[in-house]
Each structure stands twice: as structure tokens, then as C-alpha cells.
Amino acid sequence: MRDLGAKPDRTLKIGFLAPLSGALKSWASPGRDGCKIWLDRVNAQGGLKVGNRRFLVELVEHDTLYKPEVALQGAKKLIMEDGVKLILMMGGNDFSPEVREFVSRHRMLVTTLLPSDLSPDAPTLLAPTEVHPIYNVTGVDWLKRTKPHLKTAALCAQRDLLGLPSLATYRAAFEAAGIEIVAERLFEPTTSDFASIVEDLMADDPDILCWDTAYEPFVHALTIEAFKRGYDGQILSCTCDNYPELIRRTSAEFMEGFVFQFPDFDDPRLAEPQVNFENANEFYADFCKRFPGTWGAVSWEYASTLELWKSAVQQARSFDPASVLAMMKVGGVGKHAFGEAIWWGKDLFGIDNALVGDWPVVTIENGRARIQEYGSIIDWWTQHQHILVKHMRALDLMWDQREHLAAKC
């Protein structure tokens with residue numbers, strides 16, 4: 001019998017260490033809000049039961065401003081002062097060598113949305129929910145199979161630890177698909193005028209314009225510039241947050257068929273039996289009611305990570321980070337939001353700390369984001385791993401090249 005009336009003995013603290021302001025706010029703040037929904041649900045049931053005791057769960061936030069030195073200050077505070085048992089991060093530039101060394105020394109369980117952060121010298125860092133940028137291959141593969149007339153692409157990316165790994169992945173995906181890259185532009189994260197970039201990308205009339213993993217403001221600016229210039233080809237992007245605003249600023253016809261990787265959680269295909277995100281439609285409705293107009297790529301991701309952590313805590317009957325880490329990886333498989341997945345990554349990241357399986361390919365269809373299929377990342381990797389490794393090494397992105405990469409960013 002469930003003991004919902006029991007009073008928690010104390011509080012479990014979870015750290016949220018991510019850019020809650022600035023250009024990357026849209027990849028952290030909605031995720032933090034999704035955590036609030038998860039916490040409210042757990043605490044409304046009497047808290048998290050660990051063995052025979054119950055604990056209320058509290059989120060302790062620290063805004064990194066996407067500055068490595070601020071992220072390090074936050075990591076020190078969360079571990080040394082707040083006593084958190086888990087730290088949720090977006091990753092990238094925030095997970096600097098100094099942060100890596102500090103959390104590893106304290107054996108703190110940390111999660112990232114960027115598996116490219118993973119390496120053997122950070123054994124307590126996991127990517128249990130998002131497998132950026134590897135899932136981007138599924139969008140290109142879907143286009144190859146469903147729109148074989150697309151033969152050329154032009155792409156751009158910002159020069160940082162979100163853009164560069166994604167650039168390598170799209171290069172590999174296009175090569176594997178037999179799609180020629182006719183133009184490529186790298187730009188600084190401080191860029192505000194995208195007119196010349198889009199002009200250069202469109203110069204050779206590419207069949208596909210690819211925005212890589214550009215920040216939300218960049219995706220909007222790039223898309224609007226393409227619309228102004230009369231582009232009528234395929235657009236592909238990792239994310240397309242707040243796409244209703246883009247439809248308003250361009251047109252429904254222009255945005256029809258836009259391919260990206262993140263569904264709205266009222267999508268009918270999230271009710272399929274392999275999906276492990278419980279009551280996805282209800283979560284989406286609750287989020288949109290409480291935080292209207294802010295649903296985006298990460299709104300569900302940190303909450304999904306917390307659900308995996310909760311399950312491991314209850315199975316381990318402990319919230320000790322080392323015990324929870326071992327339980328999360330037991331058997332080498334895990335319940336990813338979109339289906340059963342395997343702990344993977346040694347060949348690419350030097351360690352099997354990424355939970356990898358299938359990922360949705362999404363298009364804008366009649367003004368709504370709709371899942372077209374769940375693409376297998378592992379199947380693509382099995383066939384084309386040598387291509388991806390080649391492009392990752394060309395940009396010094398492999399785990400054993402990290403010193404070279406730090407100099408670039």
C-alpha cells in the first residue's frame with residue numbers, strides 16, 4: 001500500500017547549473033520549468049521514497065550566463081554549500097576543464113545535454129536524455145529516403161561547443177546520404193546580422209539550407225532572411241523553438257515541411273507503447289498552462305533525466321551519487337524517453353555514458369510540429385561510424401583531442 005501520508009524526513013537537493021539568461025536561455029529556462037512540474041508532482045505524492053524514508057525534492061538553481069568561470073563558481077557552491085546529490089547541466093562551454101576536474105574529484109553525478117562533453121576523465125558525467133548532436137543524422141537520413149531529389153546543401157554554425165560538434169555531425173550525415181555541401185559558414189556567437197550569411201549560403205541555389213544547432217534567435221533570424229530572399233527549398237535545423245512565431249513572421253506555406261528534431265508533447269505518436277515519458281500529453285498541457293508560449297526543445301528533457309534518476313534512487317535505496325550511477329547503468333540498458341536504449345559511446349566519447357536509441361524526426365505539418373518517424377541512431381552509426389569519426393577528428397572534437405578544442409573555443 002502506498003504511504004502517501006508519510007511526512008518527509010528531510011529534503012533532497014538537486015542542482016540546476018545552466019544559462020538561465022542570455023542567448024541560450026531558451027535551452028535552459030524551459031527545462032528548469034519542466035523540472036518544476038516534475039518536482040511538484042513528486043512532492044505532492046509525499047516526496048521521493050528512498051528505502052523506508054521520504055524526502056521532499058528541491059531544485060537549487062545557478063545561472064551560468066554560459067561563462068565557464070561562472071559555471072565553476074556554481075558547481076563549487078552546489079556541491080560544497082548546498083549539498084546537492086545531482087547536478088543537471090546543459091553542458092558545452094559550461095563544462096570546462098576546470099568544472100570537469102572539480103566534479104570528478106568530488107565524484108558528483110552530473111548530467112549533460114551534450115554527449116560531446118563526455119570523456120573517460122569524467123566518469124560521473126552522463127548524457128541520459130539528449131544525445132546531441134548525434135541524433136541530427138536521423139533528420140538527414142529521413143530526407144534522403146523521402147525526398148531523394150534533394151542533392152545539395154548549404155549549412156552554417158556558430159563557433160562554440162554546441163555548433164562545432166553539430167557541424168561535424170551534419171557534414172557526416174550529408175556525406176553518408178550522398179548530398180553535396182556547396183556552401184558553409186561559421187559565425188561567432190556574438191553575430192547579430194545574418195543577411196550576408198544567408199546570401200552566401202543561397203548563392204549556389206542549394207536544395208537544403210541547414211541551420212545546424214543554432215540558438216533560437218539565430219534560427220529565427222536565418223529563417224526570416226531566407227524567406228525575405230524568396231528561398232523555396234528545404235530547411236533543416238536541429239531545433240525550431242517557438243515555430244508559431246516563425247510562421248507568423250514568414251508564412252504557413254514557407255514553414256511547411258521544415259525538418260527538425262524536437263516534437264511537441266501533444267503529438268499522437270508519443271502515446272505509442274515504446275515511449276517511456278509517462279503521460280506526455282498531460283505534461284505538455286500542464287507546461288503550456290503554467291508557462292504559456294515557452295515550450296521548446298528542452299522543456300521535457302531535464303524532467304526526463306530526473307525520472308531516470310528517481311527510478312535509480314529507488315532501486316538503489318540510496319541517493320548516494322556513486323550508487324545511483326551504478327544503478328542507472330546496470331545491465332547496459334535504460335528507459336529513454338523515446339524507447340529502450342543502450343549505454344553507448346566508447347568509440348566516439350571514450351566512455352559508454354550516453355543513453356542512445358531512437359530519436360524522432362519532426363516536420364511542421366499544417367502549422368504543427370509532428371513526428372514523422374523514430375530514427376535509429378545506432379543503425380546509422382553501425383553503417384557510417386568511420387565518416388562521423390573522420391569529421392569529428394577534423395574539428396578536434398574527439399575526447400582525446402580536447403586540448404586542441406579548448407584553444408578553438
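The largest cavity in this predicted model has a volume of about 90 Å³. Of the 15 residues lining this cavity, Trp 27, Leu 113, Glu 130, Tyr 135 and Val 298 sit closest to its centre. Sorted by class, the lining has 10 nonpolar, 3 polar and 2 charged residues. Searching the whole structure turns up 3 cavities of 30 Å³ or more.

A word on terms here. On a 1 Å grid over the protein atoms alone, a cavity is a set of points where a 1.4 Å probe fits but cannot get out, while a pocket is an open set with protein on both sides within 12 Å along at least five of seven lines; lining residues have an atom within 4 Å of a point. Volume is the space filled by probe spheres set on the points, which are joined across faces, edges and corners. Ala, Val, Leu, Ile, Met, Phe, Trp, Tyr, Cys and Pro count as nonpolar, Asp, Glu, Lys and Arg as charged, and the others, Gly among them, as polar.

The largest pocket holds about 780 Å³ of space. It has 29 lining residues, with Asn 276, Glu 278, Glu 307, Leu 308 and Ser 311 nearest the centre. Elements giving two or more residues to this lining include helix H1 (29-44), helix H10 (280-290) and strand S13 (339-344). Helix H11 gives the most, with 8 residues. Helices (H or I, at least four residues) and strands (E, at least two) are DSSP runs, numbered from the N terminus.

Next, the aromatic rings. There are 29 aromatic pairs, counting rings of Phe, Tyr and Trp (its six-membered ring) with centres within 6.5 Å; planes under 30 degrees apart are stacked, over 60 edge-to-face and the rest tilted. Two of the pairs look like this:

| Pair | Centre distance | Plane angle | Type |
|---|---|---|---|
| Phe 187 and Phe 218 | 5.3 Å | 80° | edge-to-face |
| Phe 227 and Phe 254 | 5.2 Å | 75° | edge-to-face |

Phe 187 lies in strand S8 (residues 180-187) and Phe 218 in helix H7 (residues 216-228), so the pair links parts of the chain 31 residues apart. Phe 187 is buried at 3% relative accessibility, and Phe 218 is buried at 5%. Helix H7 also holds Phe 227, whose partner Phe 254 is in helix H9 (residues 252-255), 27 residues away. Phe 227 is partly exposed at 32%, whereas Phe 254 is buried at 16%. Buried means under 20% relative accessible area, exposed over 50% and partly exposed in between (1.4 Å probe, protein chains only).

Then there's an open sheet of 6 strands, ordered S2-S3-S1-S4-S5-S6 with mixed pairing. Strands S2 (48-50) and S6 (125-126) are at the edges with a single partner strand each, so one side of each has no neighbour in the sheet. Strands S1 (residues 10-18) and S3 (residues 53-63) run parallel, joined by 9 bridges; two strands pair if DSSP finds at least two bridges between them. The structure holds 0 disulfides, a disulfide being a pair of cysteine sulfur atoms within 2.5 Å. The cysteine sulfur nearest to that of Cys 238 belongs to Cys 210, 9.2 Å away. Cys 240 has its closest cysteine sulfur in Cys 238, 11 Å off and too far for a bond. Cys 238 is buried at 1% relative accessibility, and Cys 240 is buried at 2%.

Residues are numbered from 1 along each chain as its sequence is written, and side-chain values use heavy atoms, with hydrogens and water left out. Local features need pLDDT of at least 70 and side-chain atom pairs count only at pLDDT 80 or more, while totals for chains, interfaces and linings use all residues.
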